[in-house]
Each structure stands twice: as structure tokens, then as C-alpha cells.
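Try each one before you read its solution.

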Amino acid sequence: MCLDLFADSNTLDTQLLIKNAIHTMPIISFLILLVMMAACSPEYNPPVETEVKISIQETSTPSKARPTATIKLTETPAPVQIESIEIDPLKLQDETVIFWHSWSGDIREVVDEIVSDFNESNEWGIEVEAFYQGSPDSIDKQVKGALATGEVPDVVMGYLHQAQEWNEASALFDQQVFVDDPVWGFSNEEQEDFYSVFWEHDVLEGKRLGIPVQRFGQILLYNESWAQELGFEGQPKNTDEFKEQACTAYYANMLDEVDENEDSGGWIVSTDYSTMLGWIYAFEGQILYSGSPEQDERFYEFDTPQNEAAFRFLKDLYDDGCAWLPASQIPEEEFASRQGLFSTAHVGDLKHVREAFQAQGNYDTWIALPFPSPEKAPAYDVFGPSLYIFSSKLEKQLASWLFLKWLTGPEQQAGIIKAAGTLPVRESSMEYLQEYKKQNPQWSQAVSSLPSARAEPGYPSWKTVRWALGDASRQLFLSYFTIENVPE
């Protein structure tokens with residue numbers, strides 16, 4: 001059945017068939033389909049790990065001379081075996097780095113300036129050419145096309161589930177080679193400067209495929225002013241308090257004299273897969289099977305008590321009227337008009353929520369929170385692109401690395417954050433964001449909640465499973481679906 005049904009599961013026709021089936025089948029059938037898809041997906045076979053030995057030769061030349069790093073590779077995933085190479089930094093002057101990214105609008109202008117600054121100021125004479133290649137999905141298609149011709153870019157911005165497929169087709173460079181290098185790499189303090197939830201995400205089987213460059217998050221919003229008027233002294237500390245406050249807001253709207261806000265007031269439902277994943281994480285659930293390492297078992301497992309508890313909680317909240325489905329996928333106006341005590345938003349969209357409050361003349365205080373947990377262990381889902389280097393000659397890889405290191409520097413990162421409103425990947429970036437922090441308190445609250453952040457799965461199959469999870473979330477709140485169906 002795997003061969004007949006899922007052999008071409010990445011085609012558009014098959015994806016549409018699966019999507020349509022999900023909307024009409026009960027949850028049990030959906031989960032069976034999902035597990036079958038994951039079981040039929042090709043397993044990720046990591047390339048041979050690289051053993052690196054580094055020695056530094058100091059020169060006795062004047063201060064402008066640069067030290068030479070000798071890197072010996074006993075084994076390398078690159079197509080050509082390299083036993084010993086001595087890198088002369090002067091040879092980097094003729095290197096041109098081709099960089100593909102998906103940044104557009106204001107952030108593209110900022111990145112173009114960062115690239116220009118690097119080209120003008122870097123001491124090695126490296127020239128970077130940056131090209132906007134459309135959406136992340138568009139980049140994925142173009143990279144696969146480039147892999148087929150053998151003409152790949154040097155640095156690509158993408159997601160881990162994409163990079164694993166690129167790595168299988170043409171080994172990505174193991175960036176740990178340069179990360180730990182005493183001349184070219186990050187010091188221990190610099191490595192610890194990256195938030196661990198982001199820094200550890202791109203390391204698979206001991207190989208560092210990428211370095212985080214930008215991260216997003218799906219966060220819970222809470223109208224603190226309205227909650228105080230309803231008699232609550234603070235934000236909910238667990239799911240019981242969350243439901244109590246949501247239901248109180250629902251009854252308040254039912255009993256007031258405004259007809260337009262009936263059947264509203266609690267949590268404004270978001271069926272985005274990232275929202276559902278945040279709730280699952282808050283219930284201490286997971287969706288990846290933790291099987292035997294010896295058997296390298298990698299697949300999805302939704303059927304757990306924690307995941308069921310998350311689904312039951314949300315369905316019960318909805319059935320009691322304490323959560324409601326908005327017509328808009330981005331219900332900023334509804335939240336700003338007190339049709340929801342709680343809402344959900346992408347961290348990068350917080351400025352739009354603030355603008356909605358201003359447009360309605362609403363001066364309520366609202367804050368950003370992780371999703372509450374039954375056991376006081378809140379969580380929220382984070383995701384985003386990293387920078388990947390394709391294997392080539394070592395001088396080209398070093399030139400690419402030096403640009404990558406520049407782009408992920410704290411000051412450059414601060415510029416990207418100001419343009420996009422996304423989460424910082426490095427703690428030291430906050431030194432350049434003090435004024436931005438004051439002007440964007442909800443963003444600052446999301447950053448303060450990063451210890452509660454959990455990363456998404458990085459398997460190649462996640463590009464399909466994430467949308468299936470979103471479809472399951474939508475089905476949960478349909479009129480014909482009952483709470484008795486949740487265990488199935």
C-alpha cells in the first residue's frame with residue numbers, strides 16, 4: 001500500500017486528495033493516514049561524520065598579517081576527498097559568494113545594506129551577491145533544480161526540513177568545522193550567546209547543517225485591562241484558570257446590551273498548526289515517537305495521553321462557548337474590540353495588533369504569553385530559517401562561513417529584528433534593541449518567554465505533516481465533531 005498510495009505523496013494531486021480526505025473523515029482515520037504517510041516516508045540517512053583536527057601557525061610578520069589555519073580532514077562528506085589543506089586568507093580575495101534568501105519588502109532593504117557593508121568592510125576582499133528567490137517554498141524548488149544541474153548557490157536560507165533533503169542530494173557542509181575553529185569560529189561565549197532552543201535545532205547526528213538566522217513564534221495574547229474589570233488579579237497560571245477567565249468573559253458578553261458580541265468573549269480560536277503544536281507542548285505532549293536509537297526509529301505518534309488531553313481541553317472549551325471561531329484568520333480587530341479575552345498571533349504580527357487597538361481607540365493593556373499548562377509549564381512553538389552552506393572547495397566554504405558569521409552577528413541581527421519584528425536568535429542582540437524593546441512591550445514579553453519555547457520537528461516529512469495537523473485542528477472545531485471522537 002505504501003508504494004501505491006504514497007510513492008508520489010509530494011505531488012500536487014496527491015496532496016489535494018489527502019487534504020480533501022482529511023476534511024471528510026473522522027479523526028481516527030486521519031491519524032491512521034498520517035502515521036501511514038510518515039511510516040512510508042524515506043528515512044534520513046546522515047552522511048559520514050567529519051573528524052577535524054586544527055592547528056594554528058602564528059606568523060612573525062607585522063600586525064596586518066593574518067594567521068594561517070591548517071585544517072586536516074580525515075574524512076569529509078564533500079564529493080572530493082581532501083586530506084590536508086592549508087588556508088591562506090589572502091586567497092579569499094577572489095572569492096564570490098552567491099547567497100539565496102526569501103526576505104522581501106523592508107527587511108530585504110535592510111539585508112541588502114548588511115550585505116553591502118560586508119562587501120565594503122571585510123578584510124579578506126570577499127564579494128557577496130545576494131538574490132531574493134521568493135518564498136521559502138520557492139527557494140526549496142529552485143535549490144532542487146540547482147542540485148539537478150550541479151550549479152548550487154554557496155549559502156542558502158531555508159528551513160531544516162528542507163535542508164535535510166538538500167543534504168541527501170548533495171552533502172551540506174558541516175559547519176561545526178568552522179564553529180569550533182579558534183581562528184575563524186565562535187568562542188564558547190559566542191556559542192552560548194545563541195538561545196539554545198535555536199542553536200541546537202540544526203545539529204543532526206553530530207553534524208551541524210546550519211546556523212539560525214531568524215525565528216518566529218506563535219504566541220498567546222491576553223487583555224489584561226479587561227481581565228481586571230472582570231475581577232481577575234493576574235494572568236492565568238494554568239489551564240483551569242485560563243478556562244475560568246475565558247468563560248467569565250464569554251458570559252460578560254452574553255449578558256451585556258451589545259448584540260454584536262454575543263457568542264464571543266473567551267479565546268478567539270486559531271486553527272493554525274503552530275497554535276495546536278503550542279497547546280500540545282503546553283500539555284507536555286510530543287508528536288515524535290521516541291523509539292530505540294539503535295533502530296533509528298523516526299516517525300510521528302499523535303496517540304498519547306498528553307496529546308489527547310490537549311485536544312479534549314480545547315474541544316471542551318469550545319463546546320462550553322468559552323472559545324469561538326472567527327471569520328478572519330487574523331482576528332486583530334475582534335481582539336481589539338473585546339470580542340476575545342484571549343487571542344493568538346504570530347510574533348511578527350504584534351505591530352498589527354497594536355495598530356488595531358489604536359484604530360478603535362482602545363487603550364486596554366494587553367500582553368503576550370506562552371500557552372498555559374495544567375502543570376505550570378507553559379510553552380509556545382517557534383520556527384524559522386537558518387543559513388546552510390553547500391560543499392565545495394574549502395576556500396569557498398570559508399568565504400561563505402565568514403559572511404554567514406557576519407550576517408548572524410548581534411548588530412546585524414538587531415537590524416533584521418527591527419524590520420521584521422521577529423525573535424532574536426542571540427541574546428546579545430538585545431543590547432542594540434533597548435529602544436525597540438520599550439516601543440514594543442509585547443515583543444519584549446515574547447522574548448522573555450523564550451525559556452518556554454519549543455522547536456518544531458525538522459524531518460523532511462514535516463512539510464506535509466504540519467498542514468495535516470492544521471486540518472485536524474480545524475476538524476476539532478466543526479459542528480459535527482464531538483468530544484467523544486477525540487480518543488479515536
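**Exercise 1.** Find the helix in which Asp 112 lies, and decide how accessible this residue is.

*Solution.* Start with the helix: Asp 112 lies in α4. Helices here are DSSP runs of H or I with at least four residues, strands are E runs of at least two, and both are numbered from the N terminus. Next, take the accessibility: Asp 112 counts as partly exposed because its relative accessibility is 36%. Buried means under 20% relative accessible area and exposed over 50%, with partly exposed in between (1.4 Å probe, protein chains only).

A note on the source: this is a predicted model, where local features need pLDDT of at least 70, side-chain atom pairs count only at pLDDT 80 or more, and totals for chains, interfaces and linings use all residues. Residues are numbered from 1 along each chain as its sequence is written, and side-chain values use heavy atoms, leaving out hydrogens and water.

**Exercise 2.** Which helix is largely enclosed by the rest of the structure, and what covers its buried residues?

*Solution.* Look at α6 (residues 160–169): eight of its ten residues are buried, so this helix is largely enclosed. Among those buried are Leu 160, His 161 and Trp 166. Then turn to the cover, which includes α5 (136–149), β6 (155–158) and α20 (462–476).

Note on methods
Contact = heavy atoms within 4.5 Å.
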